[in-house]
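Please walk me through this structure.

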Amino acid sequence: HNSEISVDHVRSHFPLGYSYENIGPDADIIEIRKATKGIVPISGNIDPIKVLWKGTPELVEQEVERIMMACKDGGGFIFSSGEMVPRQTPEENISAMVRTVKRLAEY
């Protein structure tokens, strides 16, 4: 993760007035969240290849939990797969993602 470049990149978008910023899987979501909280909502960050497609349901659950717990406090976070969901993604991984998001989405 190269958080400084990612944070600077996201900050460079602030003047553009985007309604939200999608964060790729290589970004340090904790640093991005610190930089964006109260300024612009963020989404994404789960790795579509290593986690969703090639990971286990347990890994998917761990990653969803890590991302959501880092980002949901105070609102301004939209859970999404970020970049894509490969068509080869096992159904059990999609189910694990959705189930975990629903479990953690309540405030």
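Which residues of the largest nonpolar core touch the most other members? They are Val64 and Phe79, in a core of 22 residues. A nonpolar core here is a set of buried Ala, Val, Leu, Ile, Met, Phe, Trp, Tyr and Cys residues joined through side-chain atoms within 4.5 Å. Buried means under 20% relative accessible area, exposed over 50%, and partly exposed in between, with a 1.4 Å probe and protein chains only. Helices α1 (3–13), α2, α3 (48–53), α4 (57–71) and α5 each supply at least two residues of this core. α4 gives the most, with five residues. In general, nonpolar side chains tend to be buried together in soluble globular proteins.

The model is predicted: local features need pLDDT of at least 70, side-chain atom pairs count only at pLDDT 80 or more, and totals for chains, interfaces and linings use all residues. Residues are numbered from 1 along each chain as its sequence is written, and side-chain values use heavy atoms, leaving out hydrogens and water.

Stay with phenylalanine 79. Not counting residues up to four places away in sequence, phenylalanine 79 touches Ile46, Val64, Met68, Met97 and Val101. Contact means heavy atoms within 4.5 Å. Phenylalanine 79 also forms an aromatic pair with phenylalanine 77. The pair is edge-to-face, 6.4 Å centre to centre, with 70° between the planes. Rings of Phe, Tyr and Trp (its six-membered ring) pair if their centres lie within 6.5 Å; planes under 30 degrees apart count as stacked, over 60 as edge-to-face and the rest as tilted. Phenylalanine 77 counts as buried because its relative accessible area is 13%.

Now the sheet. It is open, with three strands in the order β1-β2-β3 and parallel pairing. The edge strands are β1 (21–23) and β3 (77–78), and each pairs on one side only. Strands pair if DSSP finds at least two bridges between them. β1 and β2 (residues 42–44) have three. Asparagine 22 has serine 43 as its bridge partner in β2. Helices (H or I, at least four residues) and strands (E, at least two) are DSSP runs, numbered from the N terminus. Helix α2 (residues 29–36) lies across β1, β2 and β3, at about 160° to β2. Axes are lines fitted to C-alpha atoms, for helices over the stretch in contact, and angles run from 0 to 180 degrees between N-to-C directions.

Last, the loop between β3 and α5 (91–104) holds proline 86. Proline 86 counts as buried because its relative accessibility is 7%. Leaving aside neighbours within four places in sequence, proline 86 is in contact with Pro48, Ile49 and Trp53.
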